[in-house]
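Hi everyone, thanks for coming. I'd like to walk you through two spots in one protein model, so please have a look at it with me.

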Amino acid sequence: MSAPNREAVEVFLQEASEHLQYLREYVSVLQDVDPPREELERLYISAHTLGGTSASYGFPRFSEIAAKLAHVFQYALNAPLGEDLHGPLTEFLADGISVLETDLLEISDTGKENVDDISVFKERYRFAFPTEPPPLNLAQPEPAERFASAEDHEPPVAAATGSYFDALPADDEVPGEILEFFQPEAEEHLQVVSDCLISLEGNNNPEEINKLFRAIHTVKGSAAQVGLKRLGGIAHRVEDLIGRLRDGEIEPLPAVVDLCLESVDVLKKTLHKQWAHEADMRAGVDSLLGRIAEFAPAEPEEGETRAQSTASSEHQQAGETESTALAAAFAKKAAKQPAPGRSAAKSVRIALARLDRMMNTVGELVINRTRMVGRVAELEKLVDTLSFSKERLQAKVAEFQEKYEFNRISSNRGTGPWNPGTTPQMLASAAAGDKSFWSEFSELEMDRYDDFNILSRSMAEISADVNEVLSQLEGFIGRVEGDIDEFTKLAHHLQDEITAARMVPIGTLYSRLSRAVRDAAKSTGKQVVLDLSGSETELDNNIIQQISDPLVHLVRNSVAHGIEHSSERVGAGKAPTGNIMLRAYHRGNQIYIEVEDDGRGIDYERVKHSAIERSLVSPETADRLTERDLRQMLFHPGFSTAPVKTELAGRGVGLDVVRSNLNALNGEIDIQSTSGQGTKFTLKVPLTLIISPALFVRCGARNFALPLAVVEEIRRLRADEIEDVGGKLLTKVRDVVTEVVRLDTYLGLPPLEPINGYFRMVVANAGSRQIGLVVEEVLGKDEIVIKNLGEYLRRVKLFPGTTIAPDGSLILLIDLNRMVATELSERRPIQANASAARIFAPGSAAIARGTIPSEAIDRIEQERVIVVADDSISVRKFVGRMLEKNGYRVKLAADGLEAAELVAQHGCHLVITDLEMPRMTGYELMVQLRQSPSTRRIPVMVVTSRAGAKHRDRALKEGAAAFLTKPVQEDQLVAAVEQLMGTGAPRPVAPVA
């Protein structure tokens, strides 16, 4: 296009400003003797990006200078620059950045480049521009575009083999640093593509199609530029398809939108290298490009012309005519809006880890503020003590003065007349210590002072001084408290600002939820409309990531279990199209998210029947269950009411995972359902996880913290109000039967005694029910910074974290949800193994009495235990189910460290491990197992996606007994396991528990 639109240019200006600022700050690393390679690569990326994007927006002179800077940095990556760096080259880099900054300001103000300054710069540094560049030609690509080969911009047609995949160009070697920058950017653009596609179904908006085209076009160009040519080729074909949508050649029918959405999935898998192996990638890409060719046939000649005409912002060259048109375009808008360089909001990308560190620093400020408050409280106690001492001192001084302040009137008062002539002699005598001077005055006419009087006066003055110091100290404490209040306000303000920086609108999830509902509705053949509100509600980014999967499951659950088919809805007097409403809103320090549908509601009879089938309850108990109890049954692991297994339902992986994810966030989930009208799930999650309000309680000599969000009230409880019913302590709180948990008994602390006949009880909501926690004393509430307990205590689930008290001691945070869940699990029946079950089987009494000969008893084979270690939960469960189905007992570990702990504590007969895992890799696990005499004989099987000879050789060197490549087939896995362990009872290589 002849004049890039204003919005796009503003994006370029902002991005270019950030890159130039980075170049200005870090170009000095070239002067180091051995500059870090990472810094050089980042400098090269910044300069190279400037050259490419400026050429894309039609600023060739800017692109030429930036390309020269990129050349210097790239040269420095591969060869030494020499010792004369402080000469012309240093000046060239500094002046080059300066001239680019000046040119950027000129583009911002007028829309055209500063030709004179760039010409002067090139004239001064002729050594960097040995020949004049050829005349600009609109038919030729910019130098920045030549980083991608010519075939990148030609639509891939089927190769001689008939495969579209073979026609795609191979990827270049792309450094990890470049991928680190590129992948988030590509994810953002692909998210825009998904959002636009979903909105297109209900409304064919040309603006959405243009936005869609720009996003996929950017993905294509950026991928080709960084060297991901295969990704760029796929994106180019998707761009052709969307280009036909934009030109009106095809309509946005559901089939076209489905194809585009599938294209986004393929692009994401290619971007993140999520294909299992190249054969899967070949099949997926061939299928996709083949269907795209049905709607948009690949025509290299016309395709290239169309791509250049419709996406000229990527390929257009800016000659003098273009510059004039560009300036005119900017001049038309200059009267309506200020220059983008002055009005556009500046922004910079900050890594989430850095924000986490900043928030942790704010947390330390909060801890220090709490410590300062504690110090001031101690000072106030000292002031109170001093005040009490002052009052005692004043009382003693008053008493002393009353006794000794005035001498008693002497009975020997002089009666003769006063002779003034003798006064000088008397004064001299008095000064010498002669007391006869006072004989001329009565005690009423002249006060007498002896040592008692002087002591009394001194004590009175000391008392006054103490009172003055005490008054000043009280004023000082008041000022310190005011300073602490200001400090608290600043800390809270800083916390709010950093929290706001971490906040992400929940609307970023809405497109994924819309896609999930759309796919689920299509899979089940139902008509469903998703109504979204509260998209502007903001949440901590970490919480957004952790609730995304639960929300996706809930909306899919609503489609699969809640919404009826159209015929069934019409028969029930409802509209044929089902509705799912998702709302998000603030309430206090929590975010409420509601997922509601107008479907059939919960079928309590089916829930009861499923519970009986799974032996969760007996038929007699099931009849006594309330609707609330049945709703809680839905959260039981593996529970499902679906009659058959499908992709959406019947797999038993459902609401228990949702609740466990929410419990990890200190959140809650509640269900409301009306038969025939629908179901509503309400999720409550905190705004942030790092700093949260807490209630402090004491039990014995220990202090604990409870999340304030779950606390309902604090009340006194008489000992006779607690009833023991079937081993459970119960009481009534506002006519609601509430289970009582004595914290002293639960934690094994010294038993509490009622004070004046009363206990202190904290009423809280935990696990969707109300409990009363009996404590010795409620200390108060405050904001706390939750610290992790560390690696060694990560299995202590009851205490998710700790905080630091003002005196430096640790206060443990109690997870009430975990407390309730643990209590329930302790009452849950334990699944016995084969040996334990046989001991109590029918006929076991005769065996115990010895009436049956031991020769007649079949010996039971020892259970064969396998530890499966993989950081992917899906792989762990998939492999575990394979093995369990074939009679093995399986223990699952999330990484090598957890696997090592399982083997050390319980033993096993075989370890199956992945190679790449956090904390401890498969290689490190094998080394550790070989170092211990009790575990070195345990065979280890490696199951990994790394199929290279290098990985295989290293695994075998470290002691692997077998090496399989993912995806592994069941028969192949079982055969390998049987080969290692044998079909009979295995040798006791380690104690098994």
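Let's begin with a term: two strands pair if DSSP finds at least two bridges between them. Strands are DSSP runs of E with at least two residues, helices are runs of H or I with at least four, and both are numbered from the N terminus. This is a predicted model, where local features need pLDDT of at least 70, side-chain atom pairs count only at pLDDT 80 or more, and totals for chains, interfaces and linings use all residues. Residues are numbered from 1 along each chain as its sequence is written, and side-chain values use heavy atoms, leaving out hydrogens and water.

Now find strand 8, residues 691-699. Strand 8 pairs with strand 16 (residues 777-785) in the antiparallel sense, over eight bridges. With strand 9 (residues 702-707), strand 8 also pairs in the antiparallel sense, over six bridges. Look at Ala694: its bridge partner in strand 16 is Asp782, and in strand 9 it stands opposite Pro707. Strands 8 and 9 form a hairpin with two residues between them, and Gly700 in the turn has a positive phi of about 70°.

Is strand 8 mostly buried or exposed? Buried means under 20% relative accessible area, exposed over 50%, and partly exposed in between, using a 1.4 Å probe and protein chains only. Seven of the nine residues of strand 8 are buried, so the strand is largely enclosed by the rest of the structure.

Leaving aside residues up to four places away in sequence, Ser548 touches Leu509 and Arg512, where contact means heavy atoms within 4.5 Å.
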